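Please view the structure below before reading on.

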Amino acid sequence: MKPSDYQALVLCGFLNDRASFIKLAPSLPLDAFDGESKLVYEAMLDKEDYSLPTLAPGLKSVGGLALLKDLAVTHKKFGMIRPPGYKELEKWVMIVDKLGRLRQVKVLCDTASETLGREDDLVNLDDEKLISDIVAGLVDVHHNSRTASGYRPYNYYLQEYTTRVRRILKGENVERLPTGFSSFDAATGGGLPIPGLVILGGNPGSGKTQFAVQVARNVAMRLREKKADGVVAINSIEMTGSSLVGRMIMSAAEIDSSLFRTGGYKGDKAAISRITPEVKKHAGLPIVIDDSDILSSRMIGVRAAGLI
């Protein structure tokens, strides 16, 4: 069955059952349709009443009218006695959504292939931009598939919940990421939310960076101890990677970084002797650092996606 056949069947169901359209249309991104099907779908979205007389005038001038006339009997092509109802149509909507996303991936791959094919001198090709554009496009496809999912059956979330419960009963922490600071974790119900965005605010010099790098170190240490998959990514536009590593090591050795830089520990053999063991302990931690001078949110997203 061709993608256009799936699209026609979904539109057929929508045209004959407005209740299904209201329930399922939000789960379909516009780019799930193409050609005549896209024209009809766009027109249906814009109309409260999308009967043939209502849609026909607008579609006649841009094409798509012929398909609209055929939709009333499209279900017969698939051996159906009547147009698909809500339960049947839900399956077709998911298929059309999937085909739309795969089509986006194909366009990205074709574009990259064409770009590489017409370049006579690949040495001078801006590979960073090309790769970033491809990864960004794939991230968008993945993001849209998650944010445009629309309504889902109750059992879908029930299964998701029971899976989470089983992991919790096994001792896994599936909702919070422990920071390694017991008081903070206790106050926040177990640590940082998973998934989630946490904004750390404070006055200059109040210890925001220090806290963040210590959390990164603690999480990385935990990953290594449990031999778990994963990596801690740090993006910094103010401090170099070596400076961040220095902060981690000095903090673990209980040495004041500022005081150390100004010679405050000169002659303090006890303090200095604590540095070497920490260097060895930090070697090989699953941490990656990007200390580029200019980092946009898009660049961070693209580079982070490459770690998955």
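In this predicted model, the largest nonpolar core has 30 residues, of which Val10, Phe14, Leu28, Phe33, Val40, Tyr41 and Met44 touch the most other members. A nonpolar core is a set of buried Ala, Val, Leu, Ile, Met, Phe, Trp, Tyr and Cys residues joined through side-chain atoms within 4.5 Å, where buried means under 20% relative accessible area with a 1.4 Å probe, protein chains only. Two or more residues each come from α1, α2 (18-24), α3 (35-46), α4 (52-60), α5 (65-71) and α7; helices are DSSP runs of H or I with at least four residues, numbered from the N terminus. The largest share, six residues, belongs to α1.

Beyond its neighbours within four places in sequence, Phe33 is in contact (heavy atoms within 4.5 Å) with residues including Gln7, Val10, Tyr41 and Arg103. Another core, of 14 residues, lies apart from the largest one and includes Val215 and Ile287.

Helices α1 and α7 also pack against each other.

| Feature of α1 and α7 | Value |
|---|---|
| Angle | about 140° |
| Distance between axes | 9 Å |

Axes are lines fitted to C-alpha atoms over the stretch in contact, and angles run from 0 to 180 degrees between N-to-C directions.

Residues are numbered from 1 along each chain as its sequence is written. Local features need pLDDT of at least 70, side-chain atom pairs count only at pLDDT 80 or more, totals for chains, interfaces and linings use all residues, and side-chain values use heavy atoms, leaving out hydrogens and water.

Methods. Buried < 20%, exposed > 50% of the residue type's maximum accessible area, 1.4 Å probe, protein only.
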